[in-house]
Amino acid sequence: MTEFPAWLTSHVPATARHPGLAVVALGSAQALGRGGFALTSPAFRAGDELDPSFTATEEDAVAPPLEWSAPPPGSHELVIVVEEASVQGSEPACHWLVWGLPAQRGKLLEGEVPPRTGKNAFGNSEWLLPDPPEGEQRHYLFQIFATDLPLVLMPGASRAELLASLQGTITACAVLSATFTGGAGEGAGLDDDEF
């Protein structure tokens, strides 16, 4: 298994340093936060607990809102990858793959359907609701990448296909971490049928 890169440690909490994260495979010290490129959310600060309205705790849950600054000149497209970094194994669990976003300052509103999405860990092309076992805290890493070429991927592509198509194209990247603890809301009994 790959070591977690030193250039990323101050940006990712110790409990979320999975060596299989997309940013480990695609990012670099030069690309991280290049030109002030940053990813934020009006719904949570870095390291905060996600609101239950973005998780399996609530019935009508949706993806959280995200905002980003303008990527460096020469960027062509933006890609968002959200992964659960607490899992064991060689790959983190993929919660969201989004691409086709214009390379400019922008945002995705709460629950907004992005232009192009790929398959999450359950094989669906939508926001995979965090659903940890009761009392267990999980760590999620929101990752944004700016590319110097447009992606020619079809909607519904897999994480592996997306990462392969991004190799060597990254002009900048940024990360934002969040946590969620299972059973933290009214629907706490909903995780009886855990996979």
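Predicted model: local features only at pLDDT ≥ 70, side-chain atom pairs only at ≥ 80, totals over all residues.
Now for the overall layout. How many helices and strands does the chain have? Its secondary structure comes to 3 helices and 8 strands. If you trace the chain along its sequence, the pattern reads α-α-β-β-β-β-β-β-β-α-β. The radius of gyration is 16 Å, close to the 16 Å that the globule rule gives for 195 residues, so the chain is as compact as a globular protein of that length. Along its principal axes, the C-alpha trace spans about 50 × 35 × 30 Å.

Of the 195 residues, 50% count as buried. The accessible surface of the chain comes to about 9,100 Å², and carbon and sulfur atoms account for 50% of that. And if we take the contacts with a separation of 6 or more, 73% of them are between residues 24 or more positions apart.

Let's go inside. In soluble globular proteins, nonpolar side chains tend to be buried together. In this model, the largest nonpolar core has 28 residues, and the members that touch the most others are V23, V79, W99, F145 and L162. Which elements give two or more residues to this core? They are helix 2 (22–26), strand 3 (77–84), strand 4 (93–102), strand 7 (137–147), helix 3 (159–166) and strand 8 (170–181). Helix 2 provides the largest share, with 4 residues.

Leaving out residues up to four places away in sequence, V23 touches W7, L8, L141, Q143, F145, C173 and V175. Apart from this core lies another one, with 24 residues, among them A63, W68, L101 and L108.

H139 is found in strand 7. Is H139 buried or exposed? With a relative accessible area of 10%, and the cut-off for buried being under 20%, H139 is buried. Its side chain makes a polar contact with the side chain of T15, at 3.0 Å. Not counting residues up to four places away in sequence, H139 touches T15, A16, E83, E84, A85, S86, A178 and T179.

The other histidine is H18, in the loop between helix 1 and helix 2. H18 is buried too, with a relative accessible area of 4%. A polar atom of the H18 side chain lies 2.9 Å from the backbone oxygen of G89. What about H18 and T179? They are 161 residues apart along the chain, and their C-alpha atoms are separated by 14 Å.

In that loop between helix 1 (6–9) and helix 2 we also find A14. A14 is exposed, with a relative accessible area of 58%, where the cut-off for exposed is over 50%. The C-alpha atoms of A14 and A25 are separated by 18 Å, and these residues are 11 apart along the chain.

Let's move on to T55, in the loop between strand 1 (39–40) and strand 2 (66–68). T55 is buried, with a relative accessible area of 0%. Which backbone oxygen lies 2.9 Å from a polar atom of the T55 side chain? That oxygen belongs to P52. Setting aside neighbours within four places in sequence, T55 is in contact with L50, A61, L129, P130 and F180.

My last stop is R116, in strand 6 (residues 116–117). R116 is partly exposed, with a relative accessible area of 34%. R116 and V98 are 18 residues apart along the chain, while their C-alpha atoms are separated by 5.7 Å. Beyond its neighbours up to four places away in sequence, R116 touches L97, V98, W99, G100, L153 and P155. You have met W99 already, as one of the core residues that touch the most other members.

Terms used:
Residues numbered from 1 in each chain as written. Heavy atoms only, no water. Core = buried A, V, L, I, M, F, W, Y, C linked by side-chain atoms within 4.5 Å. Buried < 20%, exposed > 50% of the residue type's maximum accessible area, 1.4 Å probe, protein only. Contact = heavy atoms within 4.5 Å. Rg over C-alpha atoms; globule rule 2.2 N^0.38 Å. Areas by Shrake-Rupley, 256 points an atom, 1.4 Å probe, with all protein chains shown as cover. Polar contact = N/O pair within 3.5 Å; in protein donor to acceptor, adjacent residues only side chain to side chain.
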